[in-house]
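Here's a quick briefing to read with the structure open beside you.

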Amino acid sequence: METPKSEQHLLDPQDWPEFRATAHRMVDDMIDWIQTIREKPAWQKPPASVQQAINEPLPQTPKPLDQVYDDFLKLVAPYNKGNIHPRFWGWVEGSSVPAGVLAEFLASTLNPNLGIGDHSPIYVERRVIDWCKSMMGFSESASGLLVSGATTANLTGLAVARNHAHNQIRQKGLHSLDKPLTLYASVETHSCVQKSIELLGLGAESLRKIPVDENYRIRLPELRAAIREDRAKGFFPFCIVGNAGTVNTGSIDPMSELLAIAREEKLWFHIDGAFGAFAYLDPEYRERLYGMTQADSLAFDLHKWMYMPYEAACILIRDVTAHRNSFHITPSYLVNHESGIAAGPDPFNHYGISLSKGFTSLKIWMCLKTYGLQAFAETIRQNIAQARYLAQQIEREPLLELMTPVTLNVVCYRYHPKNYPADRLNDLNKNIVMALQDRGIAVPTSTILNGHYVIRAAITNHRSRWDDFDILVKESLKIGAEMAGKETR
Ligand SMILES: *Cc1c(COP(=O)(O)O)cnc(C)c1O
């Protein structure tokens with residue numbers, strides 16, 4: 001048998017000083033990038049030539065790292081999503097705290113897998129989950145897990161709610177139930193809740209979509225009636241989903257009332273607090289969100305209104321046993337030992353679907369330590385104040401129309417010139433949104449409220465200044481006049 005003559009180490013740098021020089025260049029460039037982000041367009045479409053250049057064939061042979069980095073500078077960075085820009089308020093997207101950027105670098109340098117083991121990253125992650133409970137006013141004895149986004153957090157919470165509804169579900173499946181499960185949420189609930197329910201095998205129809213009042217909050221009499229009716233018809237109601245900040249308008253369901261109904265009806269109380277849960281850090285919202293602190297499960301993002309780099313979200317579950325009973329399974333290769341690396345705390349893989357897990361908590365740990373919670377609370381308060389300011393500026397303009405009351409950080413408005421044909425208002429406002437984006441001025445996005453297309457700004461941005469909102473108002477008017485003029489000519 002021939003013995004191998006040489007070994008190859010192709011994937012670590014051949015020339016460390018050269019690697020270091022490129023790395024230093026990256027750090028300097030990226031700090032400049034963040035520092036000067038305000039001078040760049042809020043968004044720029046990747047030109048066809050760039051899209052073409054990105055579509056190169058699978059590389060088979062090496063190319064120096066600094067040339068690859070140049071490709072990044074040329075092809076990727078200038079045509080970024082834009083959500084780190086101070087005038088990005090599209091969908092609900094976070095703006096990324098610089099200390100978090102560095103933490104991501106440190107986390108991937110250590111590259112621990114947090115699924116199991118005895119190591120500091122696991123203890124950091126556990127502590128960050130404790131801090132999450134504390135930020136949300138949640139019971140210290142609750143359990144929790146960091147996941148990739150509020151979608152996964154909602155799915156995880158609803159999986160526990162479903163499995164808790166009947167102790168045979170995990171073993172025998174939904175077939176073992178003689179009554180079909182149903183759950184309740186407002187029509188304004190995020191689509192990820194429906195997706196979760198579909199994935200959990202309950203079927204979209206099991207999610208009863210309850211109408212909302214004029215402030216886009218779930219209507220309680222209709223909720224009570226739906227539960228009563230379902231029970232009478234032989235369904236098995238098991239859960240109410242409350243919204244702490246709906247995606248369309250930022251509205252907050254009546255939490256204490258929902259909590260009371262859930263307790264009375266013996267239903268699991270789950271909250272989607274993707275971004276709005278963080279309003280709890282503002283004393284003005286404490287009372288309104290009290291019911292949230294008492295929920296059975298609470299899903300929220302840290303990459304939205306805690307401004308963490310993607311991805312970071314959390315699910316908190318009041319009942320540790322219910323949580324663990326939903327996911328715990330221990331094959332022979334994952335058994336905890338008394339000592340060695342397989343000792344350590346009850347592994348995270350007993351609390352969620354993922355086994356391998358990145359070091360999501362390091363950025364949260366470092367940013368909270370670096371800036372302190374109060375800095376985040378202040379910034380969140382400022383975003384709420386900015387939403388109110390924007391609403392005021394809109395109301396001051398006769399050609400702009402505020403389309404919802406501002407309860408949190410979401411502002412919906414439209415351009416509405418007098419005597420403009422009603423059936424063309426939607427197109428007109430869509431054209432305004434596209435022009436604001438295409439010209440790199442600002443990134444609001446849109447939604448439909450009561451059939452009306454509205455321009456929508458969700459303010460989860462630590463870089464926005466007051467005058468950024470003046471620019472949005474001024475440019476909406478300017479583009480509106482231009483577009484309306486073009487149409488009637
Ligand atoms: C963004 C959002 C979600 C989904 O969260 P991801 O982090 O994007 O998965 C769910 N609910 C609400 C209210 C949201 O705003």
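This is a predicted model: local features need pLDDT of at least 70, side-chain atom pairs count only at pLDDT 80 or more; totals for chains, interfaces and linings use all residues.

**Around the ligand**

- Fourteen is the count to start with: there are 14 residues around the ligand, and Thr151, Asp272, Asp301, His303 and Lys304 come nearest.
- By type, that shell splits into six nonpolar, five polar and three charged residues.
- Asp272 brings a polar side-chain atom to 2.6 Å from a nitrogen atom of the ligand.
- On the oxygen side, a side-chain N or O atom of His303 sits 2.9 Å from an oxygen atom of the ligand, and a polar side-chain atom of Lys304 lies 3.0 Å from an oxygen atom of the ligand.
- How much of the ligand does the protein bury? Taken alone the ligand exposes 380 Å², and the protein buries 85% of that.

- Is strand β7 enclosed or open? Five of the five residues of β7 (residues 313-317) are buried, so the strand is largely enclosed by the rest of the structure.
- In a regular strand, side chains alternate between the two faces of the sheet.
- In β7, Ala313, Ile315 and Ile317 point one way while Cys314 and Leu316 point the other way, and all are buried.
- Strand β1 (residues 143-147) pairs with β7 in the antiparallel sense over five bridges, with Val147 standing opposite Ala313.
- Strand β6 (residues 297-301) also runs antiparallel to β7, joined to it by five bridges, and here Phe300 stands opposite Cys314.

**Cysteines**

- As a reminder, a disulfide is a covalent bond between the sulfur atoms of two cysteines.
- Cys192 counts as buried because its relative accessibility is 4%, under the 20% cut-off.
- Cys239 counts as buried too, at 0% relative accessibility.

- Most residues other than glycine have a negative phi, and most peptide bonds are trans.
- Tyr310 and Glu311 are joined by a cis peptide bond, with omega about -5°; Glu311 is in the loop between β6 and β7.
- Tyr216 isn't a glycine, yet its phi is positive, near 65°. You'll find Tyr216 in the loop between β3 (207-210) and α9 (220-232), and it is buried, with a relative accessible area of 9%.
- Asn419 has a positive phi of about 65° as well, although it is not a glycine. This residue lies in the loop between β9 (410-415) and α16 (425-438).
- Is Asn419 buried or exposed? With 79% relative accessibility, Asn419 counts as exposed.

**Two helix residues to look up**

- Thr379 is part of helix α15 (residues 373-396) and counts as buried at 18% relative accessibility.
- The side chain of Thr379 reaches back to the backbone oxygen of Ala375, at 2.6 Å.
- Pro283 lies in helix α11 (residues 283-286) and is exposed, with a relative accessible area of 58%.
- Pro283 and Arg381 are 98 residues apart in sequence, but their C-alpha atoms are 9.4 Å apart in space.

How values were computed
Residues are numbered from 1 along each chain as its sequence is written. Side-chain values use heavy atoms; hydrogens and water are left out. A residue is near a molecule or strand if one of its heavy atoms lies within 4 Å of it. A polar contact is a pair of N or O atoms within 3.5 Å; within protein, one must be able to donate a hydrogen and the other to accept it, and residues adjacent in sequence count only if both atoms are side-chain atoms. Accessible areas come from the Shrake-Rupley method with a 1.4 Å probe; for residues, only the protein chains shown count as cover. Ala, Val, Leu, Ile, Met, Phe, Trp, Tyr, Cys and Pro count as nonpolar, Asp, Glu, Lys and Arg as charged, and the others, Gly among them, as polar. Buried means under 20% relative accessible area, exposed over 50%, partly exposed in between (1.4 Å probe, protein chains only). Helices (H or I, at least four residues) and strands (E, at least two) are DSSP runs, numbered from the N terminus. Two strands pair if DSSP finds at least two bridges between them.
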